[in-house]
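Student: Could we go through this structure together? I would like to begin with how the strands pair.

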Amino acid sequence: MALALDDDVKALADQMTQDRRDFHMYPELGFEETRTAARIAKALRAAGIDEIQTGVAKTGVVALIRGRIPGKTILLRADIDALPVAERNDVPYRSRNPGVMHACGHDAHAAMLLAVARILHARRADFDGVVKLVFQPAEEGPGGALPMIHEGVLENPHVDAALALHVWNLLPVGQIGLKAGPIMANTDEFSLTIRGRGGHGAMPHLSVDAVTAAAQVVSALQSVVSRQVSPMDSAVLTIGTIHGGERHNVIAHEVTMTGTVRSFSPEVGMALPGMIERIVRGVTSAMSAEYELEYHRVYPATLNDPLATEVVRHAAAKVVGLENVIDAEASMGGEDMAFFLQKVPGCFFFLGSANPAKGLTNPHHHPAFDLDEEALPIGVQVLVQAAMDMLAS
Ligand SMILES: [Zn+2]
Ligand SMILES: [Zn+2]
């Protein structure tokens, strides 16, 4: 792998690995990242950065690095939370917090942004404008980006563009994946209760069977994606849980189910709840049952600005070579970087982190997820390069 890494980036590689492993050993769930945030703030101070705000959206940390003279402000964001997953890796840096694990790689994101902070603070005489570093809590839920925006993270100074990366085990280390337009999905959740009238299993005509009604609803909901969303658009509707009934010979009074709904285009995202409710209303009505539908919008689609994406593409090509900058396939996963990119232009991109030769291929959120730490200096170099190019443009 022929990489173009600056000497100060290479010099920080060991420190980055140490930071990442420390975060990995002490993972914390969303809005509980107190140790993680304290360690980040301490490291920023130790690097000589003095404009640091802690406790933003409970456990977020924001730091400013000012260049020579005022100019644009570029926001660089890392999410810092872990998942309620019990780690199955047998490594020295295995999670010390039972049932909690950095199974998505946000430990690496925090370590990389700390390295970016050290580098840009040392190089602050070489650029104009401001770099705003945002260590964001609770990406995996319930979401830290929106409360950070509500607390003013996009102002003082006003942010002109935002960048973030995600380590990505669908790509080998040494590759960068990105695309203009939607890269992560609009993600919604719903819970649905169907109510009938319980009764004796032998006398269905005297009852309203919630199980039969629910079965029809589950089948009919499959036609939302297949028959109502345009074949040119993408969408997913998954019913993940269904519960109902007490006994083999009792007609169920109630069935509850929960599901997730995904899409890319904002128009489809807006239309889906109505499509779902129409089917639920019609089918339950035909079966003499009643329903209660709660629909929650979780994260909007993450939309990359075409110009910002071109800046990152060029920056990435300088680091890994143009042949290793891949047109990424968008993911149906959700990502609350979406909220930043609703407000300011920017780019969210994938940093290849898999390495089949080292057995590092497990998907994100897997209990034995791990990543190739060789990816970290690459991510730092691309972030530094892209931020500098944006400030100069
Ligand atoms: Zn995740
Ligand atoms: Zn993640």
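This is a predicted model: local features need pLDDT of at least 70, side-chain atom pairs count only at pLDDT 80 or more; totals for chains, interfaces and linings use all residues.

Student: Understood. How many bridges join β8 to β12?

Tutor: Strand β8 (residues 186-195) and strand β12 (residues 254-263) are joined by 10 bridges and run antiparallel. Within that pairing, E189 stands opposite T260 in β12.

Student: And which way do β8 and β13 run, parallel or antiparallel?

Tutor: They run antiparallel, with 9 bridges between β8 and strand β13 (residues 290-299). Here S191 is found opposite E294 in β13.

Student: Changing topic, what does the domain assignment give?

Tutor: The assignment of the protein chain gives domain 1 as 7-183 + 301-392 and domain 2 as 186-299. Taken over C-alpha atoms, the centres of domain 1 and domain 2 are separated by 38 Å.

Student: How many residues of domain 1 are in contact with domain 2?

Tutor: There are 9 residues of domain 1 in contact with 9 residues of domain 2. The side of domain 1 that touches domain 2 comprises 5 nonpolar, 2 polar and 2 charged residues.

Student: Now the open sheet. What is the order of its strands?

Tutor: The sheet has 8 strands in the order β1-β2-β4-β3-β5-β16-β6-β15, and its pairing is mixed. At the edges stand β1 (51-56) and β15 (325-327); each has a single partner strand, so one side of each is left without a neighbour in the sheet. On average, neighbouring strands of this sheet are turned by 25° against each other, direction ignored.

Student: Which helices pack on it?

Tutor: Helix α3 (residues 34-46) packs on the sheet and touches β1, β2 (60-66) and β4 (130-136). The direction of α3 makes about 175° with that of β1. Helix α4 (residues 106-122) lies across β2, β3, β4 and β5, and runs at about 150° to β3.

Student: Is β5 buried or exposed?

Tutor: Of the 12 residues of β5, 11 are buried, so β5 is largely enclosed by the rest of the structure. Strand β5 (residues 161-172) pairs with strand β3 (residues 73-79) in the parallel sense over 4 bridges. In that pairing L75 stands opposite A162, and L76 stands opposite L163.

Student: What joins β5 to β16?

Tutor: The two are joined by 8 bridges and run parallel, β16 being residues 346-354. The bridge partner of L163 in β16 is C347.

Student: Which residues of the largest nonpolar core touch the most other members?

Tutor: They are L76, M112, V116, L163 and L383, in a core of 92 residues. Leaving aside neighbours within four places in sequence, V116 is in contact with L76, V380, L383 and V384. A second, separate core has 24 residues, including V225, L237, I251 and V283.

Student: One last residue. Where is the place of T309, and why is T309 called buried?

Tutor: T309 lies in helix α8 (residues 306-320). T309 counts as buried because 20 other C-beta atoms lie within 10 Å, and the cut-off is 20 or more.

Student: What does T309 touch?

Tutor: Not counting residues up to four places away in sequence, T309 touches L178, K179, A180, N304 and C347. T309 and L178 are 131 residues apart along the chain, yet 7.3 Å separate their C-alpha atoms.

Notes
Residues are numbered from 1 along each chain as its sequence is written. Chains are lettered from A and ligands numbered from 1 in the order in which they are written. Two strands pair if DSSP finds at least two bridges between them. Domain bounds come from an automatic or database domain assignment. Two residues are in contact if their C-beta atoms, placed from the backbone, lie within 7 Å. Ala, Val, Leu, Ile, Met, Phe, Trp, Tyr, Cys and Pro count as nonpolar, Asp, Glu, Lys and Arg as charged, and the others, Gly among them, as polar. A nonpolar core is a set of buried Ala, Val, Leu, Ile, Met, Phe, Trp, Tyr and Cys residues joined through C-beta atoms within 7 Å. Axes are lines fitted to C-alpha atoms, for helices over the stretch in contact, and angles run from 0 to 180 degrees between N-to-C directions.
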